[in-house]
Structures are given as C-alpha cells and as structure tokens.
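Me: I have a structure open and want to go through a few spots. Can we start with a loop?

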Amino acid sequence: MSVSEIFVELQGFLAAEQDIREEIRKVVQSLEQTAREILTLLQGVHQGAGFQDIPKRCLKAPEHFGTVKTHLTSLKTKFPANHDRFHEHWRFVLQRLVFLAAFVVYLETETLVTREAVTEILGIEPDREKGFHLDVEDYLSGVLILASELSRLSVNSVTAGDYSRPLHISTFINELDSGFRLLNLKNDSLRKRYDGLKYDVKKVEEVVYDLSIRGFNKETAAACVEK
C-alpha cells in the first residue's frame, strides 16, 4: 500500500468517526432538552406552594424519564460496541439525569437511589460487560449534585414554613458525607466535586442550628442538643 493510499484510508476512518460523533451530538442535545424539562418540573418544589405539590410533581417525572429512555435507546444505535472513546459526549448529561432521578426518589422516600435503580429508570445497564452502562463515577457525580440541591432545599424549606425538612436533609447529607469518606477517589473531577460536599453539609447544619436557637421545631432543637 502506498503512502497516499494509507492516508486515503485514514481519511475515510476520520470521516466515519466524525459522522458518528455528529449523530451522537444530535441525540445528546435531545437528552439535554428533556433533562431541562425535568429540572424545570422539579425546581418548582423550591417555591412556597411547591412543597404541597411535591407528590404531584414526582408523579409527572416518569413521563419525562420515558422520553429519556427513548433517547438513550436511540443513542445506543449511534456507535460501535466499544463506546468508551465517545463517553465524553454524554458524560455530563448522564450525570445530570442521575441527579434528577435521585432527586425524585429522595422527594418520594427520603432515601438514596441505588445505581441499579437509576439504570432501570434510564433504561441502561449497570455493568460495562452488558453494553451501554452507567459508570460508578457518573453515578457518584449525580449524587453530589443532589447534595447541593438538597442544601438549597433546606434553606427554602424554612422560607416555606417547613421546619422539620432541614433536619431530615441534614441527616441524609451527613450520611452521604460519611459514605464518600469511605471511597478512595482517584477521578480528579469527582474529587473536586466531592470537595464541595463539605460546604453543603455546613450550609444545612447552619440552617438546622438557626432553627434550633429560634425554637421553631422541638425535634430540630433536640437533635442539635444531642450533637
């Protein structure tokens, strides 16, 4: 094979690769749009009347996640089996979708959604060997976004007159912090995001402490005394 033939072949490879990335980009744009719609739906809980609408908003979420499943099913058809080199195209929107799924589950049950449960919600696999999957790092990043959102919710809960919710959030976020301390995080991006968790913990604890000294909630006050 001549030099020119080698480069013609390489050009064909590069062109095919670019076509794949363009197809992926189109699907990812649709995913980002659906993620924004889910976020808009859930952001309503931060409003005064939104706390009464939490069950209603959570019931609407599965419809949007059904659209997410459709987009992700389409995405799977756009690349070859070895898809790791394309991961950067959907990494951030997938982390955002993990957060949104985790937020819905927390609002409904005040528990942490498992990685396996998230993959069921999104319609993808939990294990690399099975194909298009949810990386552990992407799951953890989504959980850290949830922590930040809950710290904000604790502040807005007080504004809405819900004085017990910050205590529940404080307990949950402290459990998250304890869990992350067990991990040996080598992913630089994940480590930087984890560094922000301590500020979320501090922010929520300040809300709880403020409530305790103002005497708004006996349960809150008792918990703070125990600390």
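Me: Where does Glu 110 lie?
Reply: Glu 110 lies in the loop between helix 3 and helix 4 (115–122). Helices here are DSSP runs (H or I, at least four residues), numbered from the N terminus. This is a predicted model, where local features need pLDDT of at least 70, side-chain atom pairs count only at pLDDT 80 or more, and totals for chains, interfaces and linings use all residues. Residues are numbered from 1 along each chain as its sequence is written, and side-chain values use heavy atoms, with hydrogens and water left out.

Me: What is the phi of Glu 110?
Reply: Positive, about 55°, although Glu 110 is not a glycine. Most residues other than glycine have a negative phi.

Me: Why does Glu 110 count as partly exposed?
Reply: Because its relative accessibility is 35%. Buried means under 20% relative accessible area, exposed over 50%, and partly exposed in between (1.4 Å probe, protein chains only).

Me: Switching topic. Which residue does UniProt list for "binding site"?
Reply: The UniProt record, an unreviewed entry, lists Glu 149. Such annotations may be inferred rather than shown by experiment.

Me: Is Glu 149 buried or exposed?
Reply: Glu 149 counts as buried, because its relative accessibility is 11%. Glu 149 is in helix 5.

Me: And which residues does Glu 149 touch?
Reply: Leaving out residues up to four places away in sequence, Glu 149 touches Gln 43, His 46, Phe 99 and Phe 103. Contact means heavy atoms within 4.5 Å.

Me: Last one: which handedness does the crossing of helix 3 and helix 5 have?
Reply: Helix 3 passes helix 5 in a right-handed crossing, meaning that the near helix is turned clockwise from the far one by less than a right angle. Residues of the contact include Phe 99 and Phe 103 of helix 3 and Glu 149 of helix 5.

Conventions:
Helix = DSSP H or I, 4+ residues; strand = E, 2+ residues; numbered from the N terminus.
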